[in-house]
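Student: I'd like a close look at one part of this model, down to the individual contacts. Could you start wherever you like, then settle on a stretch of strand and follow what surrounds it?

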Amino acid sequence: MDVAGGSADDSVDDSVDDGGTGGGGGTGGGGVQSVDRAIGILEILSRRGEAGVSELAAEIGVHRSTAFRLLGALESRGLVEQAEDRGKYRLGFGVVRLAGGVAARLDLVQQGRPVCRRLAQELGETVNLAVARSHYAVNLDQVRGPAAVTAHNWVGQLTPLHATSSGKVLLAHLDDRHRARLLAAAGLDAYTPHTITSAAALDAQLGEVRERGYAVTVEEYEIGLNAIAAPVRSYEGEVVAAVSASGPAYRFSGDRLHELAPVLVAGAADIGHRLGHPG
């Protein structure tokens, strides 16, 4: 079994390795060096699959006691775990959790693109895929339908949560405290005379969004522009995005929005299914 005892050289190496992480609370080069070494361990295990403490210590150029301490820190976070053969380590499932933060967004666009194309063709309008970023909604992808009358590119643009259909979907599926915190930071600014600026009115509408499964906006963000959005769920059932369709008010009227809702809701469910959601 590996232990943290060692020679005088161990003590010198350990003291350097711990620089910036002790009681002084500094951010010296030693702390950065420790982070670099820990990342090195993860990269080695990624390549090899499994490795022992001595192997890892030799490859990153530290004593076994230092490697053992780094492994202990990584293991406490679930980033590495001991293999069945004691003394050997492999990557832990915590790595999957971290990777999911990036992979989920990459997968979302990749899996959502064919559905958005289909929806754009079927509805004839512009279809967007959006996620929450801070107290905004940000569009990750956009497909223009054959009847779209504007060439405006919404990809990468931050839009208000309370005045857009995608934003309302994302807000509606947050817990009360999180939603209140975001709205406190964002405010309820009026973009048109139709924007909802009352917290009570918005809360009531968000309840309707949850109940019927989609959100609509009628000239709330731009005069002459209406939109509808539905939630996209991850494999865990969490709402991770909203897919929306928008068009000119004269063609995409209030009644028309509700008529097309089942098509958009089905499309959102299809994206969710592609992400692993069983529903």
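Tutor: Let's start at a helix end: where α7 (residues 176-186) begins, a side-chain oxygen of D175 comes to within 3.2 Å of the backbone nitrogen of R177. That falls under polar contacts (N or O pairs within 3.5 Å, one able to donate a hydrogen and the other to accept it, with residues adjacent in sequence counting only if both atoms are side-chain atoms). Just past α7, G187 has a positive phi of about 80°. Helices (H or I, at least four residues) and strands (E, at least two) are DSSP runs, numbered from the N terminus.

Before we go on, this is a predicted model: local features need pLDDT of at least 70 and side-chain atom pairs count only at pLDDT 80 or more, while totals for chains, interfaces and linings use all residues. Residues are numbered from 1 along each chain as its sequence is written, and side-chain values use heavy atoms, with hydrogens and water left out.

Now for the strand, β5. Six of its eight residues are buried, where buried means under 20% relative accessible area, exposed over 50% and partly exposed in between (1.4 Å probe, protein chains only). A132 sits across from A137 of β5. The two strands make a hairpin with two residues between them, and S134 in that turn has phi near 55°, a positive value for a residue other than glycine. E219, in the loop between β7 (215-218) and β8, likewise has a positive phi, near 55°. β5 also pairs with β6 (residues 158-160), antiparallel over three bridges, and Y136 has P160 of β6 as its bridge partner.

Zoom in on D141, which lies in β5. D141 counts as buried because its relative accessibility is 5%. Its side chain makes a polar contact with the side chain of R113, at 2.5 Å. Leaving out neighbours within four places in sequence, D141 is in contact (heavy atoms within 4.5 Å) with V109, R113, V127, N128, L129 and V155.

Beyond four places in sequence, V243 touches residues including C116, V127, N128, L129, I228, L264 and I271.

Last, the charges. There are 14 salt bridges in the whole structure, each a side-chain nitrogen of Lys or Arg within 4 Å of a carboxyl oxygen of Asp or Glu. R47 and E59 form one at 2.7 Å, joining α2 (residues 29-48) to α3 (residues 53-60) across twelve residues. R47 counts as exposed because its relative accessibility is 56%. R48 bridges to E59 too, at 2.4 Å, and K88 meets E55 at 3.0 Å. Together, R47, R48, E55, E59 and K88 are linked in a salt-bridge network.

Note on methods. Two strands pair if DSSP finds at least two bridges between them.
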